[in-house]
Amino acid sequence: MKLQLPSALTSQQFLEQYWQKKPLLMRGALPNFKTPITAEILAGLACEDEVESRLVSGCRELNNWQAKLGPFDEETFTELPDKHWTLLVQDVDKHLPEVHQILEAFRFIPEWRLDDIMVSYAADQGSVGPHIDDYDVFLIQGEGKRRWQIHSQEVSEDDYIDGLDLRILPEFNAEETWVLEPGDVLYLPPNIAHWGVAEGECLSLSVGFRAPALRDLTTAWCDEIIEQNVPKQRYRDPELQQQANFAEITSETTSQISQLMQQFLHQDKHSLQRWFGRYITEQKESLSTEPFEDALETEAFYKKFLAQKKLTRDSYSRMAYAHGEKVDLLFANGEAFELPAEGSIFLQKITQQRELQFDDLKIWLDKTCYQELLTTLHNRGCFFFTTEE
Ligand code: SIN
Ligand code: CO
């Protein structure tokens, strides 16, 4: 699947001109798009415990918005009215491989920035109200029609109607209105106010990105530094000089503190690279990978891979890789693994393919380090064999 950008725009030009900058309506960007999920399957997912879902009802005129969190039971769906409600299910890409496939159209953006595909099914006039999101999103029209309105006026973070579980904007003056049909895609950068209302029943898919809050990122990095680099001992000043005024914090003291802090905070690129890969591949709590119960020894793993030929990626697993100066790094679900810096495409293959073929990896599997790595990833639950006994 490929995203057909308008007016012969290349993906690089899209990044330069639109990504994080301004909205772009892409008519027919996914030609002949067939939604790989039905309203019934979506409702079924919303009844499962590990699936995050919401049912939003209400309309602007009555300002009677309500949000209920899943899991739901079948009865909930039979009792719904004909109009004014939406069922939204997060992370459908992790639950259904056929929805995951859609991500192939968005591979011009690094995977670590990706969050999920959310799928929504709305009854006629269903909507979650005018709002802003913190993240970039590609809104794909799957089935039916949805009228999208946007405005780009400043909206403050606290500018929401009080007392609702939803972040709905009290003011919304549309600057643009588009009715999206199947295969149309609307890109919105963060903080653009938008409001999508179903015209008849409709199914929409949102490819949502994530961006760590700078404070969370820095806090996590400082925690890492403290853990790895800062001794437990207390401040010491064996060279203390008598000072003229006891209440003064002298310039020498400030310099000393500054030196001390810089010594702790200074980190080489390798440590940062190693930490960031671990941090960014951590899984959401509700979507964590379970380790495989009967861990295999490397030799047993190799034999099994040779016999079965295929290993499948666990759909909750988050993976990434990096080429360091001295070693290559593989990141999987918050862990880092080191490999010799051979510049090989082994890491690219195992992080970008959903199915690993023995024959395709054979040249690396003759080496112990690659064998051991794949064995560990299998035992951690990142990959599994179709028949595990
Ligand atoms: C929806 O699919 O109904 C809402 C998506 C959004 O506005 O982010
Ligand atoms: Co939104």
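A: Ser317 counts as buried because its relative accessibility is 6%; buried means under 20% relative accessible area, exposed means over 50%, and partly exposed is in between, with a 1.4 Å probe and protein chains only as cover. This is a predicted model, in which local features need pLDDT of at least 70 and side-chain atom pairs count only at pLDDT 80 or more, while totals for chains, interfaces and linings use all residues. Residues are numbered from 1 along each chain as its sequence is written, chains are lettered from A and ligands numbered from 1 in the order in which they are written, and side-chain values use heavy atoms, with hydrogens and water left out.

Ser317 sits in the loop that runs between strand 10 (310–313) and strand 11 (319–323). Helices (H or I, at least four residues) and strands (E, at least two) are DSSP runs, numbered from the N terminus. With neighbours within four places in sequence set aside, Ser317 makes contact with Gln283, Thr289, Asn333, Gly381 and Cys382; contact means heavy atoms within 4.5 Å.

The side chains of Asp268 and Ser271 are joined by a polar contact of 2.9 Å. A polar contact is a pair of N or O atoms within 3.5 Å; within protein, one must be able to donate a hydrogen and the other to accept it, and residues adjacent in sequence count only if both atoms are side-chain atoms. From Asp268 to Gly324 there are 56 residues in sequence and 11 Å in space, C-alpha to C-alpha.

Now to the metal. The cobalt ion (ligand 2) is coordinated at 2.0 to 2.1 Å by His131 (NE2), Asp133 (OD) and His194 (NE2). Along the chain these donors have the spacing H-x1-D-x60-H. Asp133 is in the loop between strand 5 and strand 6, and His194 is in strand 9, so this pair ties together parts that are 61 residues apart in sequence. Donors are N, O and S atoms within 2.8 Å of the metal (3.2 Å for Na, K and Ca); water is not among the atoms, so sites may look incomplete. Asp133 is partly exposed, at 28% relative accessible area, whereas His194 is buried, at 4%.

Ligand 1 involves some of these residues again. Around ligand 1 are Leu88, Met118, Ser120, Val128, His131, Asp133, Arg146, Trp148, His194 and Ser206. A residue is near a molecule or strand if one of its heavy atoms lies within 4 Å of it. By class, this shell holds four nonpolar, four polar and two charged residues; Ala, Val, Leu, Ile, Met, Phe, Trp, Tyr, Cys and Pro count as nonpolar, Asp, Glu, Lys and Arg as charged, and the others, Gly among them, as polar. Strand 5 (114–122), strand 6 (137–151) and strand 9 (193–209) each supply at least two residues of the shell.

Several side chains in the shell have a polar atom facing an oxygen atom of ligand 1: the distance is 2.7 Å for Ser120, 3.1 Å for His131 and 3.4 Å for Arg146. On its own, ligand 1 has 260 Å² of accessible area, and the protein covers 94% of it. Accessible areas come from the Shrake-Rupley method with a 1.4 Å probe; for residues, only the protein chains shown count as cover.

Ser206 lies in strand 9 and is buried, with a relative accessible area of 10%. Not counting residues up to four places away in sequence, Ser206 touches Asp116, Ile117, Met118, Val137, Phe138 and Leu139. His151 belongs to strand 6 and is buried, at 3% relative accessible area. The side chain of His151 reaches the backbone nitrogen of Gln153 at 3.1 Å. Beyond four places in sequence, His151 touches residues including Glu171, Phe172 and Ile192. His151 and Leu311 are 160 residues apart in sequence and 47 Å apart in space, C-alpha to C-alpha.

As for the whole protein, it has 12 helices and 15 strands, and 44% of its 389 residues are buried. Of the contacts with a separation of 6 or more, 79% come from residues 24 or more positions apart.
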